[in-house]
Amino acid sequence: MKQYFVYILKCSDNSYYTGITSDLEGRFVKHQSGYYPESYTHNKRPVELVFYTEFNNVEQAIAFEKQLKGWSRKKKEAIINDKWEKLKELSLCQNESHSKNFEADKLRRGFDSAQPDNTSNNSTV
């Protein structure tokens with residue numbers, strides 16, 4: 001049965017590259033040697049293999065690679081460091097506008113009420 005690998009490389013500029021291959025060792029050698037001059041990693045060598053996982057099903061491997069490519073740096077570093085349990089926490093929205101943060105802020109500061117502007121002479125006709 002053919003095996004597929006989803007992998008993460010750490011580049012010399014500290015960025016991460018995520019890819020998929022059926023030949024992990026061969027693909028790593030190509031990244032390291034600059035075999036593909038147009039590739040993301042070509043000018044970011046040397047690269048270091050920091051994570052990989054195996055799949056028997058190519059569709060599952062492709063789906064996981066796409067998922068990883070959408071992840072934040074912190075989530076990638078969690079799996080690189082084998083801290084899979086942190087993924088749930090890192091998936092929570094931290095934006096100020098998130099409803100949980102909005103509710104906490106509302107309790108702390110209160111609402112700015114929408115009041116009519118009494119400084120102008122607007123009248124209803």
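## Terms and basis

A residue is called buried when its relative accessible area is under 20%, exposed when that value is over 50%, and partly exposed in between, with a 1.4 Å probe and protein chains only. Helices (H or I, at least four residues) and strands (E, at least two) are DSSP runs, numbered from the N terminus.

The model is predicted: local features need pLDDT of at least 70, side-chain atom pairs count only at pLDDT 80 or more, and totals for chains, interfaces and linings use all residues. Residues are numbered from 1 along each chain as its sequence is written, and side-chain values use heavy atoms, with hydrogens and water left out.

## Overall layout

The chain has three strands and five helices, in the order β-β-α-β-α-α-α-α from the N terminus. Buried residues make up 26% of its 125 residues.

A contact means heavy atoms within 4.5 Å. Of the contacts between residues at least 6 apart in sequence, 52% join residues at least 24 apart.

## The strands

Six of the seven residues of strand S1 (residues 4-10) are buried. Strands count as paired if DSSP finds at least two bridges between them. S1 runs antiparallel to strand S3 (residues 48-55), with seven bridges joining the two; Lys10 stands opposite Glu48 of S3.

S1 is also antiparallel to strand S2 (residues 16-21), through six bridges. Phe5 has Thr21 in S2 as its bridge partner. Five residues separate S1 and S2 in their hairpin, and Asn14 in the turn has a positive phi of about 70°.

## Nonpolar cores

A nonpolar core is a set of buried Ala, Val, Leu, Ile, Met, Phe, Trp, Tyr and Cys residues joined through side-chain atoms within 4.5 Å. The largest one has 14 residues, and Val6, Ile8, Phe51, Phe64, Leu68, Trp71 and Ile79 have the most contacts inside it. At least two residues of this core come from each of S1, S3, H2 and H3. Another core lies apart from it and has seven residues, including Phe5, Tyr7, Cys11 and Tyr17.

In H3, the buried residues are Lys75, Lys76, Ala78, Ile79 and Ile80. They pack against S1, S2, S3, H2 and helix H4 (87-91). Asp82, which follows H3, has a positive phi near 55°.

## Aromatic pairs

Rings of Phe, Tyr and Trp (its six-membered ring) pair if their centres lie within 6.5 Å; planes under 30 degrees apart are stacked, over 60 edge-to-face, and the rest tilted. There are seven such pairs in the structure. In one of them, which is tilted, Phe51 and Trp84 have a centre-to-centre distance of 6.2 Å and 55° between the planes. Phe51 is in strand S3 and Trp84 in the loop between H3 and H4, so this pair ties together parts 33 residues apart in sequence. Phe51 is buried at 9% relative accessibility, whereas Trp84 is partly exposed at 38%.

The pair of Phe55 and Phe64 is tilted because the planes stand at 45°, with the ring centres 5.7 Å apart. Phe55 is buried at a relative accessible area of 16%, and Phe64 is buried at 12% relative accessibility. Tyr7, Tyr17 and Tyr40 are linked into a cluster by ring pairs.

## Ser72

Ser72 is in the loop between helix H2 (58-69) and helix H3 (73-80). Its relative accessible area is 34%, so Ser72 is partly exposed. A polar atom of its side chain lies 3.2 Å from the backbone nitrogen of Lys75.

Conventions. Polar contact = N/O pair within 3.5 Å; in protein donor to acceptor, adjacent residues only side chain to side chain.
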